[in-house]
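Okay, thanks for coming, everyone. I'd like to walk you through one model today, so let me put it up on the screen.

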Amino acid sequence: RPRFHESLAASDLFGAVALFEGEGMSVYENVLTVQEHTGKGGASAREAVEKALEFAHLSDVAGSAVRTLPAKERRFIEVARAVVGSPKVVMLDEPAAGLDDAESRELAHLIRRLADEWGMGVLLVEHDVGLVMSTCDRVVVLEFGQVIASGTPREIRDDPAVKSAYLGQDADDV
């Protein structure tokens, strides 16, 4: 996987942006728009879109209007859009927003597959601690914009500063 110190071109990065919902735009069209933006068109674009939709378990709703879908499918569309452009690094900002625990676990599995199967680096900004701990290799914890801990999920879980900041426990009592 790419490391942060490696040089990356703008085309190597993808940050999930708002979905296109106007005029009844479909799931397929949303993902295709990203693929076309990368400069890859034609039959290969359609194949890439279909592969991304299959990866994100969206093939059955590919023709559906995005605005009619529940939160889970909308989050998975964001993942499909990340995959279709084949970036080296993808940033997901609060992808679990609006999801229940079961949906969050499904999303965690998809995010993990981005790294394991697609070789993408994933920068995940998320408040769902379960999702973060089950998905990430490394975690950086911020409190009021300052780094208070960095390490593996196990190290973070046991860190006194994290317990104090997020569990309300006095670091001296932990």
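Predicted model: local features only at pLDDT ≥ 70, side-chain atom pairs only at ≥ 80, totals over all residues.

Residues are numbered from 1 along each chain as its sequence is written, and side-chain values use heavy atoms, with hydrogens and water left out.

Confidence, then. pLDDT is the predictor's confidence in each residue, from 0 to 100. The protein chain has a mean of 84, with 83% of its residues at 70 or more. Helices (H or I, at least four residues) and strands (E, at least two) are DSSP runs, numbered from the N terminus.

Now the core. Which residues touch the most other members of the largest nonpolar core? Out of 43 residues, they are Val27, Val31, Leu58, Ile77, Leu107 and Leu114. A nonpolar core here is a set of buried Ala, Val, Leu, Ile, Met, Phe, Trp, Tyr and Cys residues joined through side-chain atoms within 4.5 Å. Buried means under 20% relative accessible area, exposed over 50%, and partly exposed in between, with a 1.4 Å probe and protein chains only. The elements that each supply at least two residues of this core include α1 (27-37), α2 (42-55), α4 (101-116) and β4 (139-143). The largest share, 7 residues, comes from α3.

Let's look at α1. Val27, Asn30, Val31, Leu32, Val34 and Gln35 are buried in that helix. Leaving out residues up to four places away in sequence, Val27 touches Leu53, Leu58, Val61, Ala62, Ser64, Val66, Leu69 and Ile77.

Over in α3 sits Arg74. Is Arg74 buried or exposed? Buried, because its relative accessible area is 18%. Beyond four places in sequence, Arg74 touches Leu19, Glu21, Val66, Arg67 and Leu69.

On to the strands. Two strands pair if DSSP finds at least two bridges between them. β2 and β3 (residues 121-125) run parallel, joined by 5 bridges, and Leu92 stands opposite Leu124 in β3. Together β2, α4 and β3 make a right-handed β-α-β unit: with the strands pointing away from you, the path from the first strand over the helix to the second runs clockwise.

β4 and β5 also have 5 bridges, but in the antiparallel sense. Glu143 has Gln146 in β5 as its bridge partner. There are 2 residues between the strands of this hairpin, and Phe144 takes a positive phi near 50°.

Ser150 is in β5, which covers residues 146-151. Ser150 has a relative accessible area of 45%, so it counts as partly exposed. Aside from neighbours within four places in sequence, its contacts are Arg138, Val139, Val140, Glu155 and Ile156.

Last stop, Thr135 in helix α5. Thr135 counts as buried because its relative accessibility is 6%. Past four places in sequence, Thr135 touches Ala108, Ile111 and Arg112.

That's my tour, thanks.

Terms used. Contact = heavy atoms within 4.5 Å.
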